[in-house]
Amino acid sequence: MMDQRIDESVYAIFQRAARVSVLTGAGISAESGVPTFRSGGQSLVWRGYPFEQLSSVATLARNPTLVWEWFNYRREIISRVEPNAAHRALAQWQDDFEQFTLITQNIDGLHWRAGSRDVIELHGNIWRVVCQACGQRSEYRQVPLQQNPPRCSCTGLLRPDVVLFGEMLPEEAWQRAVEAASACDLFIVVGTSAVVYPAAQLPVIAKQAGAYLLEINPETTPLTPLADTTILGKAAEILPRLSKRKSTH
């Protein structure tokens, strides 16, 4: 079933759900003004470099200054945007269900700013850093950078605490996400085509475990044939409508 409207059956499933897991991607933050870096299968190029190269382990090792210039650019954009109605709706949902798990591929921290708790960040957080010498992790909100590359109190080089191209997802976050997908009765995919692995496995895991799979995206994706229902539209318009309906029953 695929429609821009919300069918009564979806409201009923939403109402009955006890264990809900949600996977969000770049699309939800794009509605706040955060660039997605991919469009029509093409990658964004910044200063002549594709973003996959700028966000890679190899470039970090070879030219940390360039990597930090790129992340400084991204941090400056994110610092100017606000969570939208979809982020806020998800923050509300965490108190509406017996069990609620929010999993995100985004690194912008907008879910936290909207009030979500215990977000599983598969790809890390752009507002955290990790020292490459001592391994200490900390919040780092300096925008713009006063030193490039920034350094730890131990004088070691800091790097963004995000998953770069060429790295594996953090094991603990991934295992928690798999467990949540395996145990939910409703799995909702919001603002992501869910084609980037291993995150793309989560909707499949949920569906195979018996969960109802709901997709909310502005257009159809490779996930659409697997979904029980696809609602086409903006997350900031659709998610609050589900929240409102939930609270009136």
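Author: A salt bridge here is a side-chain nitrogen of Lys or Arg within 4 Å of a carboxyl oxygen of Asp or Glu. Glu121 and Arg128 make such a pair, with their closest N and O atoms 3.0 Å apart. Glu121 is buried, at a relative accessible area of 9%, whereas Arg128 is partly exposed at 28%. Through salt bridges with shared partners, Glu121 and Arg128 belong to one network with Arg137 and Asp161.

A search of the whole predicted model gives ten salt bridges. One of them joins Arg19 to Asp185, where the closest N and O atoms are 3.8 Å apart. Arg19 sits in strand S2 (residues 19-24), while Asp185 is in the loop between helix H8 (171-183) and strand S12 (186-190); the pair therefore ties together parts that are 166 residues apart in sequence. Both ends have some accessibility: Arg19 is partly exposed, with a relative accessible area of 30%, and Asp185 is partly exposed as well, at 25%.

Another salt bridge brings together the side chains of Glu82 and Arg113, at 2.9 Å from N to O. Glu82 is in the loop between helix H5 (64-79) and helix H6 (85-93), and Arg113 is in helix H7 (residues 110-114), so this pair links distant parts of the chain, 31 residues apart. Arg113 is partly exposed, its relative accessible area being 37%.

How values were computed
Residues are numbered from 1 along each chain as its sequence is written. This is a predicted model: local features need pLDDT of at least 70, side-chain atom pairs count only at pLDDT 80 or more; totals for chains, interfaces and linings use all residues. Side-chain values use heavy atoms; hydrogens and water are left out. Helices (H or I, at least four residues) and strands (E, at least two) are DSSP runs, numbered from the N terminus. Buried means under 20% relative accessible area, exposed over 50%, partly exposed in between (1.4 Å probe, protein chains only).
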